[in-house]
Structures are given as C-alpha cells and as structure tokens.
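Subject: Structure for your review

Dear colleague,

Please find below the structure that I am handing over to you, followed by an account of what was found in it.

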Amino acid sequence: MTAAHARIRTDDSGPVEVVRDRAARLAHVIDEAAEVLPSQPPIRLFVHHNTLHAYEHMHFEEAVALAADRFGAEPYETEEAFARHLSSGRIRPEDIDAVLAADGASETPLFEGGPSERRFKFFRLQHLFEIPRGPALSWILDETDALRVCHPAVGDDQRRRLRGQVRQVRAIGVDVDADVHNPTEAERHVLAALWQKLRHYTPSRGRSPEAVRPREVVLDRVGVDTDDWVNPLLTRVCAAFVDQGISYWRMPFREMGLYEAFRRLYGQRWGPPNPWLAQLTVELNRQASQGWGALDVVASLLDELGCAEEQWAPLLEATLLALPGWGGMIRQLELRPDRAPVQAPPAKLIDFLAVRLTLDVVAARHALGARHPEAPLMRPEPTHEVVNSTEVTYEAFVCAQLLGLGPADFSAPDAEREWLRAVAGFDSFERRKLLHRAYERRHRIGVLDGLLNHARLGHATPERPRMQAVFCIDEREESLRRHLEELMPEVETFGYAGFYGVAMAYQGAEDIKPSPLCPVPVTPQHLVREVAVEVEEAKASGIRARVFGALQHWLHIGSMTAFRGGMIAALIGLVSVVPLVLRCLFPRAAERFGRHAHRTIVGHPPTRLQLERADGDEQREGGLLRGFTISEMANIVAGALRTMGACDQLSPLFLVVGHGSSSLNNPHEAAHDCGACGGGRGGPNARAFAVMANHPKVRAALKARHGLDIPKNTWFVGAYHNTCDDAIIYYDTDLVPESHRADLAAAQATLDRARRLDAHERCRRFEDTATTMGIDDMLASAEAHAVDLGQPRPEYGHATNAVCFVGRRSSTRGLFLDRRAFLVSYDPTQDPNGELLGPLLQSVGPVGAGINLEYYFSFVDNHRYGCGTKLPHNITGLIGVMDGHASDLRTGLPWQMVEIHEPVRLLTIVEVEFDVGAGILEAYPAVANLVANGWIQLVVWSPSSGEMRVFEGGRLVPYQQESQELPIVLRSVDHYAGRRGHLECARIEAALQMEAGA
C-alpha cells in the first residue's frame with residue numbers, strides 16, 4: 001500500500017480512526033459514484049431490483065425527474081400513450097380532476113378574464129397534441145396553413161367563438177381586411193391576430209458549471225467522438241476479463257486484476273496498431289515506472305484533467321456511465337463474487353476506472369494534439385439551455401384555440417405573457433406526471449372497490465381443510481392457487497416468500513458449484529448438497545455426465561477454431577441439422593425426446609439432501625457451514641408457519657411448492673425464476689423446508705421451544721412449479737407414509753387439472769395463441785413456448801404485476817385478480833402488536849417493489865432502462881448479454897418481457913389496524929422509506945372496521961368507494977375466456993362453495 005492510500009489504525013475492537021487523506025476521499029467518492037451503476041448480477045442469477053436504487057432516498061417523482069436528466073431517459077409513458085389511455089377510458093376525466101385538486105391547482109384566473117390554472121390544466125391534460133420541434137415546426141409554419149386554420153383537435157364550439165372575434169380584432173389594434181360573414185376568412189384573420197399577440201417569448205434556463213468528460217471536450221472542439229475508439233476496446237478487455245470459461249484463450253495476467261492485466265498486455269513494446277493508441281504503451285509504462293496502483297492512476301489523471309475536488313463526483317459518475325453495463329458488472333463481481341457462474345475474477349471498480357480514464361485521456365490527447373495542441377482537456381464554463389420560443393408560442397397558440405381563446409381575450413395588460421408563462425410551465429414532464437397519477441388512481445379504484453365489494457358479499461374458508469399448500473408470493477402463483485381452490489374448495493392455500501426461510505448455498509447433484517438460494521441482501525452461511533442414494537449408481541451416472549459434458553465442451557470450443565471447426569463441420573455438420581430442424585418445427589416433441597435420451601445415457605439416480613448438522617459442529621467448507629442444526633431448522637419452520645398463520649390447524653397433507661422457470665435459448669431465463677431465491681429456482685428450498693418439518697427431532701424442538709405441536713398425522717411434501725411450461729414435480733415421494741399416499745395422489749390429480757387451467761389462463765396473453773383454444777391445447781402451447789428455439793416470449797414473467805396483498809387468504813379467496821397480485825399470507829388477528837408483520841414487510845416490501853419498479857422503468861424507457869429487443873442479443877462469457885458481437889452489457893429487461901405491462905407503482909394493501917400499521921412504519925425505516933417516498937402505494941385495511949385508508953401526502957386518508965358493482969361468475973374461465981387484456985376483478989363462486997366441494 002502506497003503512502004497515498006488511506007491509513008487505518010486498529011485495535012482488538014476493529015477500526016478506531018480513519019485518516020482521510022486525499023486518496024481516501026477519492027476512494028469514498030468512487031464508492032458513492034458507483035451507486036449510479038446497475039446492480040444487476042451475472043445473468044444466470046438475474047434478480048429484479050429498483051433500477052433507480054441510488055435515488056431511493058428521494059421521492060419517486062423527484063427521482064425520476066433527476067434520473068431523466070442524468071441518464072437522458074423517460075420518466076413516464078409518452079403523451080401518445082396517455083392519449084390512448086384517455087381515449088380508451090383507462091383514464092377518466094374524474095381522475096384528472098381528482099389529481100389536480102390534490103396537486104393544489106388554483107382556481108384564480110391566470111389573467112383578467114382568462115381561465116383558471118385548474119381549468120387550463122384540466123383541459124390541457126385531455127388534449128394531448130403533438131408539438132413539432134425545430135426544423136419540423138419551421139416547415140409547418142412556413143409551408144402550411146397552421147397559423148390560419150384551427151388545429152384539428154379544436155371543437156366546433158371553440159371554432160365558432162374564435163370566428164366571432166373577428167369584429168373585435170380592430171379594437172385591439174390589429175389591422176384586418178376580412179369578410180366577417182365568411183367563416184373561413186374570419187378564422188384565418190382571427191388566428192393571424194392571435195399569433196401576432198403571442199409570438200414574443202424567449203425563456204431560458206441556466207445551469208451551473210460542471211466538469212465534463214474529455215470526450216465531451218473533444219467532440220465540442222474537433223467533432224471527434226472518442227467513445228467510438230475507447231468503447232470497443234474496453235468492451236473486449238472487460239469481456240475477456242470476466243469470461244467464465246467460454247473463450248478458447250484465457251486472458252493473460254487475469255489473476256492480477258483488470259488494471260494490472262491491461263497494463264501488462266498493452267504496455268508491451270509492440271503495442272496495438274491503432275494510430276490513437278500509439279501513446280498508450282508510453283502512458284502505461286509511465287504509470288508503471290511511478291509504482292502507481294489503480295487509485296493513484298485515477299488521482300493523477302484527474303489532476304491532469306484539471307478537475308477540482310468538488311467536481312470529482314460528477315466527472316467520475318459520467319465516466320462510469322459511459323459503459324454502465326460493464327462498470328456495473330465489475331462492481332457486482334467485486335461485491336458478490338459468490339454469484340459468478342463458475343469462478344469470479346479479482347474484479348475491482350477502481351481498476352475499471354483506471355483503465356477507462358487512461359484510455360479517455362490517451363484518446364483525447366491524440367484527437368486534440370493533432371489539431372488543437374493548446375486546447376485544455378476540460379471545459380469548466382457554465383452552459384445554458386434555451387427553450388425554443390417558437391415551440392412554446394405554437395403550443396400556447398394551439399392551447400388558446402382549444403379553449404376558444406382569441407386575440408380579444410388577451411386585451412388585459414400582460415395577459416399574453418401570463419398565458420405563455422402558464423403554458424411553458426406546464427410542460428410535457430408536468431403533464432405526464434399528473435397523467436401518471438390519474439392512471440394509477442383508476443387502477444387503484446378498480447382493485448380497492450373489487451376487494452370491498454367482495455368483502456360485502458361475504459367470505460368463506462374451509463373449517464377443516466383436507467389439504468394445505470403454500471406457494472411463493474409470486475403473482476404468477478395467484479392463478480394456480482385460484483384454480484386449485486375452484487377445483488378443491490376444501491383446500492387451504494398460503495403465500496410465503498419462496499425461499500421459505502431456508503437461506504442456503506445449494507449444490508445440486510449435477511451442479512459444478514453451490515449457488516445462493518436466498519434474497520439478495522442475505523449472504524448464505526449454510527451449504528446444502530443434493531447427493532445420490534445409491535453410491536455406485538451415482539458414480540456411474542457421474543462419469544457418464546462428465547464424459548457427456550466434456551464432449552459437448554470439446555465440440556463447442558472446437559467449433560470456434562480454424563482446423564477443428566472445419567473438421568467438425570465436415571463430419572457432423574449435416575447430422576446436427578436434424579435436431580435443429582426438429583427443434584424449430586416440432587419443439588415439444590424434440591424436447592421430450594432429448595430429455596428421454598439424456599436420462600437414458602446419463603441416468604438420474606434418486607437423491608436426498610444433506611441437510612442436518614450436529615450441534616457444535618462449526619467445520620466449514622468454502623466458508624459455509626455444512627447443513628443446519630436441529631435448532632436452526634426448528635426456528636425456520638416455526639417462523640414460516642407462524643407468519644403465514646398456519647399453526648392452528650394443520651391438515652394431514654401439507655404441500656410446500658417452490659417455483660422457477662426453464663426455457664430454451666432465453667438469456668433472461670433467470671429473470672423468470674424466484675426473486676426471493678436470489679434469481680434461483682425455489683424447488684430445493686421447498687424440498688428442504690418439507691424435510692425439516694418432517695424431521696422427528698425438529699418437531700420435538702418445535703414443541704419444546706416454540707410451543708408448536710405439529711400433529712403426527714401431518715406430512716409435508718416439497719414440490720416445484722415451472723411457471724413456463726406449468727409442469728409440477730414432487731420431491732421425496734417415496735418417503736411419504738402409506739397412510740398419506742391416497743391423499744397425495746388426489747392432490748396430484750387436482751393440481752394436474754389446476755396447472756392446465758393455469759396454462760389456459762396465461763396463454764391468452766400470447767398473440768400467437770388463439771383465445772378459442774381448448775385447455776389441453778393451451779397447455780401444449782405453453783410447453784412448446786418453453787422449448788421453442790426461436791421463441792422470444794417463452795413466458796411473460798412478472799409483466800402483469802401491479803398489486804401486493806398482505807393479509808388473510810379469506811379476504812381474497814374467490815376473487816379474480818388477473819395474475820396481478822403478490823399474495824402474502826398474514827393473519828392480523830394472531831398478531832395484535834404487529835410483531836410478525838414488521839419483519840414480513842421488511843422482507844417482502846423491497847422484493848415486490850424491486851420487481852415492480854424494474855418492470856416499470858424497463859417499460860417506460862426500454863432503451864435506457866431496459867435492454868431493448870431480444871433479437872440481437874448475444875451472451876458473452878456466461879455473464880450478460882450484448883447487442884451483436886460487441887456493445888455495452890445490456891441491463892434491465894427486454895421489450896418482449898414487458899410489452900404487456902401496465903407501468904403502475906405497486907399497490908400494497910396491508911390488512912392491519914391503523915395504529916399498528918403506523919407503528920410499523922416508525923419502527924422499520926426501510927419500509928417507511930418506500931412508502932413515504934412514493935416508491936410503492938400503501939393502503940391499510942382495518943380488519944375490525946373494514947375501512948380502508950390510502951397513504952397520501954404523508955398521512956393515511958380515508959378511501960371513498962366509487963362503485964358497488966362486481967362481476968360474479970362460477971369459474972375463472974367464465975371471466976377471462978376470449979379476452980386478452982388486463983381484466984377487472986370478479987367474484988368466483990366455485991372457490992367459495994365449501995359444501996359442494998366436500
């Protein structure tokens with residue numbers, strides 16, 4: 001460590017003093033700047049998160065505005081989209097009026113005789129017209145009749161009022177020579193006079209000085225974009241550095257870190273041939289001769305750029321955002337190396353910054369040195385953004401027409417200036433902000449009215465459930481639970497975070513390394529392995545699997561080399577066409593054949609989980625404890641059963657269902673997996689929980705330490721639901737007692753019917769699937785989507801998420817929620833002080849908000865916040881996707897995953913008394929931050945009074961129900977059949993007919 005670095009003095013209790021010299025301050029600034037980077041892990045463990053996580057300390061509306069300016073992104077849907085919502089009735093006039101009232105729009109006239117602010121905004125929000133920009137507007141004004149003929153959106157009443165002012169035009173000092181009896185001539189002259197009064201306005205907004213990247217200076221001075229030189233090179237270097245074994249040649253010196261490897265490779269005598277890199281070798285050798293580390297390099301280059309300390313943060317942020325995908329991945333591998341698919345390189349963000357700044361400076365020197373050697377690399381002078389006066393005037397001109405305001409209406413002093421100021425102040429951002437509030441309001445009313453009307457009609461739950469089943473809170477499981485309850489009304493279902501409290505690093509029988517299966521903020525401390533029961537059979541299967549895998553790897557690597565690639569193509573090229581054709585034409589049949597062949601060749605011996613660890617055994621493997629002690633298992637089981645409210649009466653059969661998704665040729669497959677499992681599949685967690693709950697010693701510990709007595713005749717069975725093809729598999733069924741086999745068989749038969757209905761319901765959203773198809777045909781379509789080589793939409797994932805309900809299942813049972821609701825089981829009657837609710841909300845709140853917000857941002861700006869269309873995506877190094885053969889790593893969600901999404905913030909409804917809910921917000925800052933800053937919408941529903949209150953303006957405001965209507969149908973299929981779009985709530989009678997079900 002050099003003297004420039006921070007010096008830390010420690011004693012036995014840890015750090016006691018940090019000497020913050022200049023380098024330490026720089027390191028701190030870099031850590032803060034890193035917050036703007038995407039926090040997406042390697043794509044194999046894709047985990048949904050708030051795209052604007054760095055701005056969560058701000059209010060949602062303030063954050064999206066700042067991020068829009070910082071990233072050049074859209075904060076809300078476009079005005080064209082909102083115009084469609086207005087036309088379809090998705091936004092109603094009463095919604096606009098309500099949000100204007102809540103926003104405090106004034107009733108005072110904007111000018112004497114003019115409309116009020118509220119009337120102007122109300123009218124403007126319902127008339128969203130295109131405002132041409134720049135040369136397009138100039139052409140329209142010069143070459144068309146736009147200044148002499150009313151805008152097409154102007155109504156007949158407003159036209160007549162405008163034409164009627166032709167006699168008054170002379171009175172205000174405008175010369176006209178018009179035939180007042182000719183409507184067309186009158187209109188032309190009135191509009192000409194109106195334009196003449198409004199056309200003088202030139203607002204501007206100043207910006208404070210800020211540091212800019214060398215690239216901006218070069219682009220401004222000589223018109224060369226140095227990012228075109230730097231980005232391709234840095235992309236190749238980063239891709240080679242993070243590669244997980246796909247490349248034929250491994251990057252030399254990689255174990256020394258990114259900066260050191262780059263310096264050794266590009267600092268050699270015979271450097272790269274590119275002219276702009278001619279001085280790179282000299283620069284890297286200079287850095288090496290000074291003995292600099294990466295932090296020293298960054299500090300030195302900042303000095304060379306003339307960047308003052310107060311400008312470090314904006315400059316470093318801008319530098320990182322030049323390639324945010326690669327910078328973000330380097331940061332994630334630095335923070336969580338355990339999430340690397342195979343082996344994490346020694347990644348450090350400071351190395352990435354050192355390489356980036358070095359390349360930026362070398363490129364800038366070359367570009368400026370050849371033409372402007374005296375020009376500095378930095379430009380500290382302030383900049384100004386000037387609003388185009390013609391554009392503002394044209395908008396005010398059309399708005400006046402829409403309101404029927406002519407030149408005579410602007411006779412009061414400064415009337416036109418006040419009007420122009422009002423129009424300019426109510427710009428596209430302000431309009432979209434209010435329209436978005438109205439859009440969310442209409443959705444909120446539909447859901448809350450549905451819940452209240454459903455409650456008014458009465459609830460029903462089985463008194464003695466024949467079977468119980470717990471599913472993940474995932475909104476895709478809402479439909480499966482609903483169909484199961486329709487088919488077997490005597491079943492009781494629960495919702496719980498899909499890792500089921502089992503935070504572990506899991507290694508399956510065919511996995512090469514353990515993977516974390518727990519929420520992202522949790523670092524697992526326990527290792528659980530799946531091992532074969534029959535050792536000899538397992539050894540033989542393992543050998544066959546390794547041989548098969550080695551052959552596949554040899555073919556893959558060989559296909560990328562000149563000699564072997566030619567030989568492989570000549571020998572097996574034609575043969576490989578057959579499975580490719582089958583995959584394309586008959587994907588479902590080809591998948592079944594391939595699965596059968598793999599099982600025949602490799603085998604699949606029965607397995608068990610290595611789950612139990614003896615008390616006092618603290619031996620670790622790779623830093624992980626092997627398994628759980630009896631006490632730890634008991635804590636996990638008790639916590640889950642108590643939180644979901646399943647302790648009072650356990651049925652003989654209790655299913656624990658995890659979920660995940662598998663699809664072919666889909667880089668974002670993990671994005672469809674379980675978010676609570678950190679982007680993994682929750683089957684192993686469900687299986688582990690069932691094993692724990694069945695363990696005799698765990699049950700004894702539950703009774704002795706937790707007062708929880710699980711009946712002897714209750715048996716837990718773990719299962720896994722594939723949300724892509726709707727397959728359900730069951731674990732350890734050979735251990736099920738004979739007394740429970742009939743119940744398990746009945747449950748499996750019912751779930752088989754439920755999964756078919758589930759596929760039938762969700763496949764209606766696919767445009768390539770006819771809504772008239774039968775149930776079995778829809779299931780076949782779902783299975784084909786999952787294994788079709790060319791299918792960009794194997795499933796829509798969380799694209800319908802919009803609601804999170806935390807409360808009793810009785811409140812939502814029998815209510816059609818259109819696969820839009822996270823259903824979190826919680827019984828407020830068993831938790832009067834909220835002791836269970838607080839930790840529950842702290843767990844599910846950020847998970848649900850992260851999923852919801854990533855879909856929101858990926859939808860409203862799929863280019864900046866999402867990763868665009870899937871079609872050009874290529875996986876690089878098993879770490880992420882690029883567009884084509886070289887680009888920044890694309891983060892966020894592809895358009896094919898979000899195209900049917902409604903971008904609303906998560907409507908979170910919590911069934912709890914108002915005082916308890918308020919106390920939880922005070923006690924849990926993470927939850928309070930999401931609520932108070934508007935990242936989620938909170939509604940508290942009192943279980944005693946039935947009253948709802950919405951969190952608005954920092955307080956809970958009573959909700960006023962709008963509609964008493966609720967569609968009532970026998971089964972879900974009667975409500976959704978033949979319909980593709982998002983549907984309203986409906987009451988499903990079959991799920992409530994307990995006697996008929998019994």
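I begin with strand S9, which pairs in the parallel sense with strand S12 (residues 624-626) over two bridges. In this pairing, histidine 526 stands opposite leucine 625 of S12. Please note that the model is a predicted one.

S9 covers residues 526-532, and it also pairs with strand S7 (residues 504-507), in the parallel sense and over three bridges. Here valine 528 in S9 is the bridge partner of tyrosine 506. With strand S10 (residues 607-610), S9 pairs in the antiparallel sense over four bridges. In that pairing, arginine 529 stands opposite glutamine 610 of S10. As background, the strands of a sheet pair through backbone hydrogen bonds, in either a parallel or an antiparallel sense.

The chain as a whole

The protein chain has 998 residues, of which 56% are buried. Its secondary structure comprises 35 helices and 26 strands. Among the contacts with a separation of 6 or more, 73% are between residues 24 or more positions apart. The chain exposes about 42800 Å², and carbon and sulfur atoms supply 53% of that area.

Strand S14 (residues 715-722) pairs with S15 in the antiparallel sense over three bridges, and isoleucine 728 in S15 is the bridge partner of histidine 721.

The six-stranded sheet

Another open sheet is formed by six strands in the order S18-S16-S21-S22-S23-S24, again with mixed pairing. At its edges stand S18 (821-825) and S24 (955-958); each has a single partner strand, so one side of each is left without a neighbour in the sheet. Neighbouring strands here are turned by 25° against each other on average, direction ignored. Within the sheet, S16 (residues 803-807) and S21 (residues 907-911) pair in the parallel sense over four bridges. Cysteine 804 has threonine 908 in S21 as its bridge partner.

Salt bridges

The structure holds 75 salt bridges. Side chains of opposite charge can pair when their charged atoms come close.

Glutamate 485 forms a salt bridge with arginine 813, with the closest N and O atoms 3.8 Å apart. Glutamate 485 lies in helix H20 (residues 476-487), while arginine 813 lies in the loop between helix H29 (809-812) and strand S17 (815-816), so the pair ties together parts that are 328 residues apart in sequence. Glutamate 485 counts as buried, at 0% relative accessibility, and arginine 813 is buried as well, at 1%.

The side chains of aspartate 883 and arginine 890 meet in a salt bridge at 2.6 Å, N to O. Aspartate 883 is partly exposed, with a relative accessible area of 25%, whereas arginine 890, with 13%, is buried.

Aspartate 145 and arginine 148 also join their side chains in a salt bridge, at 3.2 Å, N to O. Aspartate 145 counts as partly exposed at 39% relative accessibility, and arginine 148 counts as partly exposed at 28%.

A network of salt bridges links Arg213, Arg215, Glu216, Asp225, Asp227, Arg356 and Asp360.

A buried glutamine and a surface patch

Glutamine 287 lies in helix H12 (residues 280-289) and is buried, with a relative accessible area of 0%. Apart from its neighbours within four places in sequence, glutamine 287 is in contact with Tyr259, Arg263, Trp292, Val297 and Thr358.

On the surface, a nonpolar patch is formed by Val577, Val578, Val581, Leu582, Leu585 and Phe586, which together have about 530 Å² of accessible area. Valine 578, one of these residues, is located in helix H22 (residues 562-585).

Yours sincerely

Key. Residues numbered from 1 in each chain as written. Predicted model: local features only at pLDDT ≥ 70, side-chain atom pairs only at ≥ 80, totals over all residues. Heavy atoms only, no water. Buried < 20%, exposed > 50% of the residue type's maximum accessible area, 1.4 Å probe, protein only. Contact = heavy atoms within 4.5 Å. Patch = residues over 30% accessible without salt bridge, like charges linked within 9 Å, V, L, I, M, F, W, Y side chains within 5 Å. Areas by Shrake-Rupley, 256 points an atom, 1.4 Å probe, with all protein chains shown as cover. Salt bridge = Lys/Arg side-chain N within 4 Å of Asp/Glu carboxyl O. Pairing = 2+ DSSP bridges. Axes fitted to C-alpha atoms, helices over the stretch in contact; angles between N-to-C directions.
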